[in-house]
Amino acid sequence: MRPATRSGDDEFIDDLQAIAFGPGRFARTAFRIRERFPIDMSLSLIAEVDGTPCGSVWMTPISIGGINGYMLGPLATHPDFRKLGAGKMLAREVTARALARGEGQFVMLVGDRDYYCPLGWEPTTLGNIEFPGPVDPTRVLLLAEDKSLATTLAGPIEAFIED
C-alpha cells in the first residue's frame, strides 16, 4: 500500500472506478458529495500486488451536525485482484490514518453491511444523516471511537469545519 502520488495514478484510479462502478457512478449521491467537497489527497491510497496497482480508496473530509469526520470512498479493487483482501486492507488503513490525525471523529460510508460491519462500521440511525440526493439509509455506516456516534450523529453533510 502506498499514497496515490505517482505519475499515472489518476489514470489508474479513473479506469478502476469506471470498471468497478460503470457510467452510473456520476449519478450516485456519494459522487455529488465528492464534487462539493474536495478529496483529501493525503488520504488517497493505492494497493499493489507485486508492484501492480490493484485497488484504490479516497477520503473526503465532511462535517455532520457540526462534527468533523470523513466519507470513505470510492473503494475499488480491480476484478483480477478481488477476494485477496486489498479492499479491506485499504479501508482499515485509510480509516486508521484519518482518525489518527485527531481532526475528525468518524468515518462514514455508504456500503454493504456484510462487508464493512465485520471491519468495525456500524449502522446509523435511519434518516439521521441528510444526503444531497437519494441514498438507501440501511447502507449508511459509521466507524468512530465513540460508539454512540453511529446512533446520534444527525444533520446534513456539510464542509469540514476548519479551525
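Biologist: Why is R2 called buried?
Modeller: In this predicted model, R2 has a relative accessible area of 9%. Buried means under 20%, so R2 qualifies with its 9%.

Biologist: And what makes D9 buried?
Modeller: The cut-off is again under 20%, and D9 has a relative accessible area of 4%, so D9 counts as buried.

Biologist: How do you know that R2 forms a salt bridge with D9?
Modeller: A side-chain nitrogen of Arg has to lie within 4 Å of a carboxyl oxygen of Asp or Glu. For R2 and D9 the closest N and O atoms are 2.8 Å apart, so the pair meets the rule. E48 belongs here too, as R2, D9 and E48 are linked in a network of salt bridges.

Biologist: Let's turn to helix α3. Why is R97 called partly exposed?
Modeller: Partly exposed lies between buried, under 20%, and exposed, over 50%. R97 has a relative accessible area of 33%, so R97 falls in between. E93, at 28%, is also partly exposed. The side chains of R97 and E93 meet in a salt bridge, 2.7 Å from N to O, and both residues lie in α3, 4 residues apart, about one turn of the helix.

Biologist: What makes D112 and R139 a salt bridge?
Modeller: Their closest N and O atoms are 2.3 Å apart, and the limit is 4 Å, so the pair counts. This pair links distant parts of the chain, 27 residues apart: D112 is in the loop between β5 and α4, and R139 is in the loop between β7 and β8.

Conventions
Residues are numbered from 1 along each chain as its sequence is written. This is a predicted model: local features need pLDDT of at least 70, side-chain atom pairs count only at pLDDT 80 or more; totals for chains, interfaces and linings use all residues. Side-chain values use heavy atoms; hydrogens and water are left out. Buried means under 20% relative accessible area, exposed over 50%, partly exposed in between (1.4 Å probe, protein chains only). Helices (H or I, at least four residues) and strands (E, at least two) are DSSP runs, numbered from the N terminus.
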